[in-house]
Amino acid sequence: MADDAQEQKVSKWCLVSMASIPLVMTLGNSMLIPVLPIFEKKVGISSFQSSMIITSYSIAAIFLIPVAGYLSDRYGRKVVILPSLILAFIGGIIAGFASWKLDNPFTWIVIGRILQGIGAAGATPIILPLVGDLYKDDDKKTSSCLGIIETSNTFGKVLSPILGAAFAAFLWFLPFFSISFFSLISIVLVFYFIKAPKKKEEPPKFKVFIKKTKQIFSKEGKWLYTVFLIGVYLMLILFGVLFFLSDIFEKTHDLYGVKKGFYLAIPLFGLCISSFVTGKLIKGELKVMKMVLLFSLIMTSGTVIFIGMVSEKLLWLLVITTLMGIAIGAILPTLDAMITEGIEKEERGTITSFYSSSRFIGVALGPPGMSMVMKNYLNISYFTAGGIGVLLLVLVLFMIKTDQSKKAKESIA
């Protein structure tokens with residue numbers, strides 16, 4: 001009977017509902033990247049200011065994700081997810097209405113984006129521990145499900161430039177309203193189909209919780225901090241490169257609107273496929289995960305250094321960025337699985353939230369950082385990114401041990 005109940009909780013519609021959350025939140029950010037040049041013209045703002053439309057969303061998420069993680073551990077995953085999706089819905093309405101009705105809407109757009117970032121903080125990161133809760137100790141099913149979740153995330157990145165450009169071609173502010181529409185769909189799915197397991201034990205009090213969290217970082221900090229740094233690095237590169245591509249496709253290659261959206265989607269499609277395949281292959285095996293990290297970091301570092309050099313050659317630019325996307329796509333579900341399977345259920349929400357927060361740091365820094373360096377320091381910035389990738393490769397070699405998952409669980413027993 002217990003097995004039957006568990007299978008019912010992890011129904012196909014439950015999986016679809018969980019996958020809808022990262023899909024919506026990814027659309028909420030990535031969909032705006034291809035239309036930032038349009039915003040600059042319509043609102044009368046600079047390239048740096050347009051990048052803040054992305055960054056304001058991410059900064060809000062960075063600081064509130066750990067809070068949401070703790071609340072989800074204490075009060076339940078669904079209790080945190082639903083209000084967060086509602087905030088994302090409201091934020092889209094505010095940003096869209098301001099763009100539609102106000103002469104100087106930039107401030108209200110940022111306010112709406114901050115609300116969406118708060119919503120993202122309480123929705124997307126909670127999915128990782130929720131998957132761990134539903135599949136309990138089945139590492140293979142957990143890895144496979146996380147691969148699907150991460151693929152939904154990356155599939156959102158593939159769709160987002162196409163959808164964003166298509167919506168903006170109809171009405172330049174329509175992408176903001178569309179975010180609210182997608183959020184509403186996810187709210188309905190989560191409300192009806194996600195049946196989170198009931199807590200059998202009272203969660204630890206705050207002081208005990210803090211003590212155990214410190215204990216985890218004290219004993220397992222080497223590999224956890226390494227994972228967090230890789231998360232920052234990947235999102236910094238990804239969103240910085242996407243911001244760069246959105247700009248150079250127009251200025252150098254005369255690609256606009258939906259056509260530009262399709263070209264932006266090419267490297268993201270490689271990322272999506274790679275994420276899905278990797279989630280199926282790693283199967284909870286830490287040795288396999290470590291090899292994936294090593295190979296993919298080599299590939300990421302080796303491709304990013306060439307982006308500036310081939311920026312005027314469209315075919316080579318697409319080849320290089322697609323290879324980079326494939327490498328990043330392989331790393332993302334691997335990091336998800338390491339964090340989710342390496343931490344016990346009681347602290348899983350908080351630890352995964354720190355990881356998700358680290359990813360948003362990269363998202364926040366990527367676009368404004370690229371806006372400041374792409375005119376005069378483009379190649380230097382890409383070579384620096386490649387060098388950082390090599391340093392992270394060394395950290396993976398020495399800080400991540402192949403018995404890490406077992407150790408992490410024992411450390412808080």
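Contact here means heavy atoms within 4.5 Å. Helices are DSSP runs (H or I, at least four residues), numbered from the N terminus. The model is predicted: local features need pLDDT of at least 70, side-chain atom pairs count only at pLDDT 80 or more, and totals for chains, interfaces and linings use all residues. Residues are numbered from 1 along each chain as its sequence is written, and side-chain values use heavy atoms, with hydrogens and water left out.

Start at Leu-115. Leu-115 sits in helix H6. Setting aside neighbours within four places in sequence, Leu-115 is in contact with Leu-87, Ala-88, Ile-90, Gly-91 and Ile-94. Ser-56 is 59 residues away from Leu-115 in sequence, yet 9.3 Å away in space, C-alpha to C-alpha.

Now turn to helix packing. Two packed helices are described by the angle between their axes and the distance between the axes. Axes are lines fitted to C-alpha atoms, for helices over the stretch in contact, and angles run from 0 to 180 degrees between N-to-C directions. Angles under 35 degrees count as roughly parallel, over 145 as roughly antiparallel, 65 to 115 as roughly perpendicular and the rest as oblique.

Take helix H3 (residues 36-43) and helix H4 (residues 47-75). Their axes come within 9 Å and cross at roughly 120°. H3 is therefore oblique to H4. The crossing of H3 and H4 is right-handed; the term applies if the near helix is turned clockwise from the far one by less than a right angle, and left-handed if anticlockwise. On the H3 side, Leu-36, Phe-39 and Glu-40 meet Ser-47, Ser-50, Ile-53 and Ile-54 of H4. This contact of H3 with H4 has 4 nonpolar, 2 polar and 1 charged residues. In this scheme Ala, Val, Leu, Ile, Met, Phe, Trp, Tyr, Cys and Pro are nonpolar, Asp, Glu, Lys and Arg are charged, and the others, Gly among them, are polar.

H4 also packs on helix H5 (residues 77-101). The axes of H4 and H5 come within 6 Å and cross at roughly 135°. H4 brings Ala-68, Leu-71, Ser-72, Asp-73 and Tyr-75 to the contact, and H5 brings Arg-77, Val-79 and Val-80. By class, the contact of H4 with H5 holds 5 nonpolar, 1 polar and 2 charged residues.

Further along, helix H11 (residues 286-304) packs with H14 at an angle of about 165°, their axes 8 Å apart. H11 and H14 are therefore roughly antiparallel. Their crossing is left-handed. H11 contributes Lys-290, Leu-293, Leu-294, Leu-297, Ile-298, Ser-301 and Val-304 to the contact, while H14 contributes residues including Tyr-382, Ala-385, Gly-386, Gly-389 and Val-390. The contact of H11 with H14 counts 12 nonpolar, 3 polar and 1 charged residues.

On a 1 Å grid over the protein atoms alone, a cavity is a set of points where a 1.4 Å probe fits but cannot get out, a pocket is an open set with protein on both sides within 12 Å along at least five of seven lines, and lining residues have an atom within 4 Å of a point. Grid points are joined across faces, edges and corners, and a volume is the space filled by probe spheres set on the points.

The structure holds 5 cavities of 30 Å³ or more. The largest cavity has a volume of about 330 Å³. It is lined by 22 residues, with Thr-26, Thr-124, Asn-153, Arg-359 and Phe-360 closest to its centre. The lining of the largest cavity has 12 nonpolar, 6 polar and 4 charged residues.

The second largest pocket has about 260 Å³ of space. Among its 16 lining residues, Leu-236, Ile-237, Met-370, Ser-381 and Ala-385 lie nearest the centre.

Conventions:
Helices (H or I, at least four residues) and strands (E, at least two) are DSSP runs, numbered from the N terminus.
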